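Subject: Structure handover

Hello,

Here is the structure I said I would pass on. Please open it and keep it beside you while you read the notes that follow.

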Amino acid sequence: MTDPQSDLATHQVENQPGAPGDFDLWQGDTPLRQHMFGEAAGLPGFGATLGRAAVRELGRIANRQTPELVTFDRAGRRVDEVRFHPAYHQLMSLGLEAGYSSVAWSGAANGHSAHAAMVYMMSQVEPGVCCPMTMTYAAVPALQADAGLAERWQPKLTAASYDPQVAPLSAKSSATMGMAMTEKQGGSDVRANTTRAVRDGDGYRLKGHKWFCSAPMCDGFLTLAQTDKGLTCFVVPRWLEDGTRNSIHLMRLKDKLGNRANASSEIEYHNAFAERLGDEGAGVRTIIEMVHHTRLDTAMAPAGLMRAALVEAKHWCEGRRTFQRRLIDQPLMRSVLADLTLDWEGALALGLRVARAFDGKRAEDRAFARIAVALAKFQSNKRAPVVIYEAMEVLGGMGYVEDTPLPLLYREAPLNSIWEGSGNVICLDILRTLARDSAAVDALQAELMAATGTDARYDAALKAHQARWPSLPDEAEARWFAERLAVLLTASVLIRQAPGAVADAYVATRVVGERGQVSGAVSGLDTEAIIARLNA
């Protein structure tokens with residue numbers, strides 16, 4: 001008789017690593033723990049949970065089973081709801097119960113740093129659910145513009161729990177807050193917005209269209225609308241306290257490149273009830289507190305995306321053999337992995353340094369946070385797509401296949417650069433801050449100078465930068481100026497905090513520029529020491 005197994009011989013797999021199993025996103029990430037200076041605040045348990053293969057599978061499911069817009073019920077009544085797969089709700093519960101949105105406001109020491117570490121770890125598993133949790137975290141400081149609104153909303157926004165029921169705020173154990181600023185005609189130029197607000201008793205009625213509303217199932221939204229005194233900030237609840245739906249119509253969900261687990265929508269206000277937050281005409285000044293804090297998350301998320309891609313690439317290289325050697329042992333592959341690792345660790349170190357400034361109580365800390373968060377957001381997001389693409393290429397054809405997480409990470413890579421101000425907007429913000437805020441200039445200079453005296457190459461590069469731009473550059477040079485400043489700032493942090501092999505290699509390849517134009521076009525790196533930083 002013919003052996004029934006003989007026909008399956010072509011499916012014996014001998015040189016293909018399996019999927020990574022469980023691993024710990026906190027304990028297995030030495031650079032994270034070092035740059036956090038051991039500050040935990042519940043992070044060990046959160047990292048261990050997120051690293052489980054079953055939790056990573058939830059992220060995969062939430063991206064495949066995308067949100068569904070339900071506009072009407074069976075009787076034809078408007079419901080304007082988005083339905084999510086249970087995997088989405090499970091991930092939201094994991095994040096919010098761990099304190100993603102609340103730890104920074106809980107009174108715990110180094111709360112913003114702990115929050116930033118959660119953003120970084122959650123981004124490695126499923127970045128889409130980060131959007132509503134990030135906005136909820138960032139809404140808290142904006143609400144301080146009105147004591148009454150803060151008293152009602154803040155306890156629900158900072159509750160370490162997840163309550164997805166559709167109900168008025170008073171009936172919920174916790175709440176989330178979204179944002180609706182962008183309109184078709186203005187984009188980043190929100191002063192061009194045309195949505196109107198008309199006073200109605202103690203509140204206002206809003207009418208207009210919003211081109212982007214992030215996370216439309218949130219319990220409320222910070223939004224901008226025009227009054228007779230100019231652009232003004234408002235809080236718009238999704239449900240009213242009398243149990244009726246507010247007049248917020250979900251027109252459609254955006255068909256996005258990535259961030260698929262998260263619903264982004266176009267909405268219309270049809271005389272929707274709203275409460276003013278801050279003074280009339282002070283909308284930008286009021287909502288900028290939310291934007292400032294969401295920018296911290298957009299600076300941290302790319303480090304998480306890079307980490308996830310590089311851990312996958314390293315796992316592949318350790319389990320794959322070609323030309324009689326493991327990929328991880330081949331010098332050219334080691335040069336590529338080591339070079340990419342420097343981008344990731346630089347982004348992680350700089351992001352957490354910025355988070356510590358958010359935790360700081362001094363005026364100098366707040367000044368440094370204003371300028372450094374923009375520099376970190378700009379630089380880290382420009383590197384993330386390159387790093388993730390190169391990690392994809394490490395896997396060859398498998399890196400282009402949805403059976404691995406690389407396509408998800410690659411689709412996600414551009415988002416944080418676009419969200420809360422794309423590259424040009426951020427560069428102009430950097431110039432504007434340095435022109436108007438002498439405290440930010442002084443704080444940034446102090447941070448750059450803190451690393452001098454250790455590496456002569458860094459010292460010379462900093463001096464050359466200051467000689468090249470003794471004053472602020474013209475707008476046309478803003479990207480060049482911002483990139484160079486961000487690289488020097490990253491080097492300053494690494495020189496003081498990272499192992500010598502990492503700091504030396506970063507200075508040699510980024511500050512001095514002893515490299516080619518593509519990743520891995522480097523020489524003289526201590527690849528063993530650098531790649532070891534990726535151990536999971």
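D403 and R60 form a salt bridge, and their closest N and O atoms are 3.8 Å apart. Please keep in mind that this is a predicted model. The protein chain is divided into two parts: domain 1 covers 34-280 and domain 2 covers 284-533. How many salt bridges are counted between domain 1 and domain 2? The count is one.

Several elements give two or more residues to the side of domain 1 that touches domain 2. The helices among them are helix 1 (30-35), helix 3 (53-64), helix 5 (111-123) and helix 6 (130-143). The strands are strand 3 (177-180), strand 6 (220-227) and strand 7 (230-237). Which helix gives the most to this side of domain 1? That is helix 5, with nine residues.

Now the interface as a whole. The centres of domain 1 and domain 2, taken over C-alpha atoms, are 28 Å apart. Domain 1 brings 47 residues to the contact, and domain 2 brings 41 residues. The size of an interface is often given as the accessible area lost when the parts come together. Between domain 1 and domain 2 the buried area is about 3700 Å², and carbon and sulfur atoms give 66% of it. H35, H112 and Y120 supply 21% of the area that domain 1 buries against domain 2, which is more than any other three residues.

Is D339 buried or exposed? D339 counts as buried because its relative accessibility is 0%, and the cut-off for buried is under 20%. Leaving aside residues up to four places away in sequence, D339 touches R510, R515, V518, S519, G520, A521, V522 and L525. With R515 there is also a polar contact between the two side chains, at 2.9 Å. Y506 is 167 residues away from D339 along the chain, yet the C-alpha atoms of the two are separated by 8.6 Å.

Last, the database record. An unreviewed UniProt entry places the feature "domain: Acyl-CoA oxidase/dehydrogenase middle" at residues 178-271. In the model this span is 53% strand and 0% helix. The C-alpha atoms at the ends of residues 178-271 lie 19 Å apart.

Regards

Note on methods: Residues numbered from 1 in each chain as written. Predicted model: local features only at pLDDT ≥ 70, side-chain atom pairs only at ≥ 80, totals over all residues. Heavy atoms only, no water. UniProt positions renumbered as here; feature names shortened; annotations may be inferred. Helix = DSSP H or I, 4+ residues; strand = E, 2+ residues; numbered from the N terminus. Buried < 20%, exposed > 50% of the residue type's maximum accessible area, 1.4 Å probe, protein only. Contact = heavy atoms within 4.5 Å. Polar contact = N/O pair within 3.5 Å; in protein donor to acceptor, adjacent residues only side chain to side chain. Domains from an automatic or database assignment. Buried area = accessible area lost by both parts, 1.4 Å probe. Salt bridge = Lys/Arg side-chain N within 4 Å of Asp/Glu carboxyl O.
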